[in-house]
Amino acid sequence: MSGDNPPPEPATADNDAARNKFIVQVKSDYVLSERPTCLAPPQEAPPPVAAEVSHDATSTTTTEGNDKSKKKNRGQNTKRPRDTKIEFGDKACLAIVRGEPCPYLNTDKGCRYNHDLKEMLANRPPDLNEGTDGAEWLKNECPFWKSRGYCNFGIMCRLGSCHLNMSTGQNLCRVIDVNGNETICLPSSLTTDELAATDSVKVNEEAEPSKPKPQKLNEQCEIKNILSKETQIKLRKNQYPFVCKRHFELKKDKKSSTPPQGDTSMSTNNVPALPPKERKLIDFRDKIYVAPLTTVGNLPFRRIMKHYGADITCGEMALADQLLLGKPSEWALLKRHPCEDIFGVQIASGHADQFTRLAEILSNEENMEIDFVDMNLGCPIDLVCNKGAGAALMLREKKLQGSLEGMLNVLNCPVTIKMRTGWSEGSPIAHELVPRIQSWNIDGIAAIMIHGRSRLQRYSRLANWDYISQVACSQSSGLQQIPLIGNGDIFSYTDYEDKILKHVNNNEADDGNKNNLLPTAMLGRGALIKPWLPTEIKERRHWDISASERLDMLKDYVRFGLEHWGSDQQGVNQTRRFLLEWLSFLHRYVPVGMLEVIPQQMNHRPPSHMCGRSDLETLMLSKNCADWIKISAMLLGPVPDGFQFEPKHKANSYQ
């Protein structure tokens, strides 16, 4: 019948050979015909979540007869399971945690949080390290108690036994006096400002000897790029004093009055908010640069990458329109850890005025420390491209030029541009767009990054390094050259040498133009699957890292995650979710000692059933969500009842 599906092609030796060509070649000793017995059976994987069931913390689940309480999830991945919302009554009032009276208790609205420490203590769940299934390695590992002797979460901390009075529920503080003597006391002996400070409170040597001022034990490193509360309120109330006007305001001005001769909307759009400062240039040459990675490229992950030798890091893609609304979740993507010595932020937008206005904020905020701003011209997501941002901005040259001019008239740091080869694989445009950007003669563009795939390809098929090399030789020799960095499929040090250094050594193109490709290793998914890749590249070796070393790496990630997202239940949930997202990439790594052919290629699929050299290594090789959850339980204790996980990013990069 015409409506029936065509019959499947018969299996042939040629088909099998073609299929096997893109499977990781693993030694036969480690390839099994069925699932290893030490792993969870496939049926234990979480079932798909029904569309009508909501697990979103920001959504209200509905029951029959209560349709008014329904709130529709917005955005993509709306069917993915979410953690249960923690009610205000289940959280302790932070004033009570500090040993102070609550300032909102006697107001008209009252305080939404719990003030009864003894009740909370009676209902408090065991610490993550307690119980037969607890993560014993987390004992006394509260990151805030260890780093500065005081935990802001108090009785809500899931590692709080080390800093709680277990008979009263009161939070304790570890301090040292002017003589260096360590004592543990109630936080009421410290002022609110001292408790809120992230750094140690310095002792005043001229203070009265009868009243020595206490000092927190250790110093906690300061997280940078935190938006001030004052600026956040101004953005929310639309009261921030922007110099750059919105595009619709410029249209109104044009209609109401004719601008003076020689004056254009572009010049009005580019008035700098600050006096010009010296722009610090960045040399990307011979550096290892961890590309912006949505969801998984968070601050704890970047700390791991710095530990393994990454030179340059960049925050996750942030949307300019959300930043301009003062959304805390979006501004959190710009946070910087002190270990990130060269750090950039990536911004996506489809409008020049949004780019310019955001540049004003970044320049005006005193606590913003940003080495470069990366413009996103590569995001393939429909939600972004439909707004004219991401890869769609490659097709809107006037918007792109206005954005670059507006930002660089305001910023005191350089700008980089991350783009793809074009919209479709058959019609690449980067070799035309890059010379056009060069012809605009805009000062302050530090580099252009080319991902060797088109927007429609997303992450499928191999990156086209021959085309990247063609783009690198496309600039006019008579104008100022813009350095170019290639990106795609770097998964070993041999990939770096074969894909990058090989093309860098081609000094000139056939038409005599200079080759501007830099010897920079820009890592994307390769860093997610092999975070130790910077070490391999710098030491020129294939590292057969053991399962225990990888487990220690995950423990560091958990420590960093609890420090970043918090050690209360909400912070633990966040840490677990992001850990599981990372494990959805990590399981694709096949240890070097198990490979028949070295190195493993990015687009090669591991065999269906493998066993490692230990049960732990076998567990880490599993592609079953239930096994990733088991690893998270080893690191963060048992998961809540009914816990489910579905990865946000589903790999389609295999051949």
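Predicted model: local features only at pLDDT ≥ 70, side-chain atom pairs only at ≥ 80, totals over all residues.

Modeller: A residue counts as buried when its relative accessible area is under 20%. Tyr557, with a relative accessible area of 0%, is therefore buried. I will come back to that residue. Start with strand β6.

Strand β6 spans residues 343–348. Six of its six residues are buried, so the rest of the structure largely encloses the strand. In a regular strand, side chains alternate between the two faces of the sheet. Here, both faces are covered. Phe343, Val345 and Ile347 are buried on one side. Gly344, Gln346 and Ala348 are buried on the other.

Now the neighbours. Strand β5, residues 312–319, runs parallel to β6 and is joined to it by five bridges. Leu319 stands opposite Ala348 of β6. Cys314 is also buried, at 2% relative accessibility. Strand β7, residues 372–377, pairs with β6 too, again in the parallel sense, over four bridges. There, Gly344 stands opposite Phe372 of β7. To get from β6 to β7, the chain passes through helix α12, residues 352–364. This β-α-β crossover is right-handed.

The structure holds twelve aromatic pairs. One of them joins Tyr289 and Phe372, edge-to-face, at 6.0 Å centre to centre with 80° between the planes. Tyr289 is buried, at 0% relative accessibility. Phe372 is buried as well, at 0%. Ring pairs also bring in Phe284, which forms a cluster with Tyr289 and Phe372.

Back to Tyr557. Its ring pairs with that of Trp582 in a tilted arrangement, 5.0 Å centre to centre and 50° between the planes. Tyr557 lies in helix α20 (residues 547–565) and Trp582 in helix α21 (residues 569–586), so the pair ties together parts 25 residues apart in sequence. Trp582 is buried too, with a relative accessible area of 0%.

Two charges sit over rings. The charged end of Arg303 lies over the ring of Phe560, 3.7 Å from its centre. That of Arg174 lies over the ring of Trp145, 4.8 Å from its centre.

Last, the cysteines. A search of the whole structure finds zero disulfides. Cys102 is in none, and the nearest cysteine sulfur, that of Cys111, is 3.7 Å away. The cut-off for a disulfide is within 2.5 Å. Cys102 is buried, at 12% relative accessible area.

Key: Residues numbered from 1 in each chain as written. Heavy atoms only, no water. Buried < 20%, exposed > 50% of the residue type's maximum accessible area, 1.4 Å probe, protein only. Helix = DSSP H or I, 4+ residues; strand = E, 2+ residues; numbered from the N terminus. Pairing = 2+ DSSP bridges. Right-handed = clockwise from strand over helix to strand, strands pointing away. Phe/Tyr/Trp six-rings, centres within 6.5 Å; stacked < 30°, edge-to-face > 60°. Lys NZ or Arg CZ within 6 Å of the ring centre and 35° of its normal.
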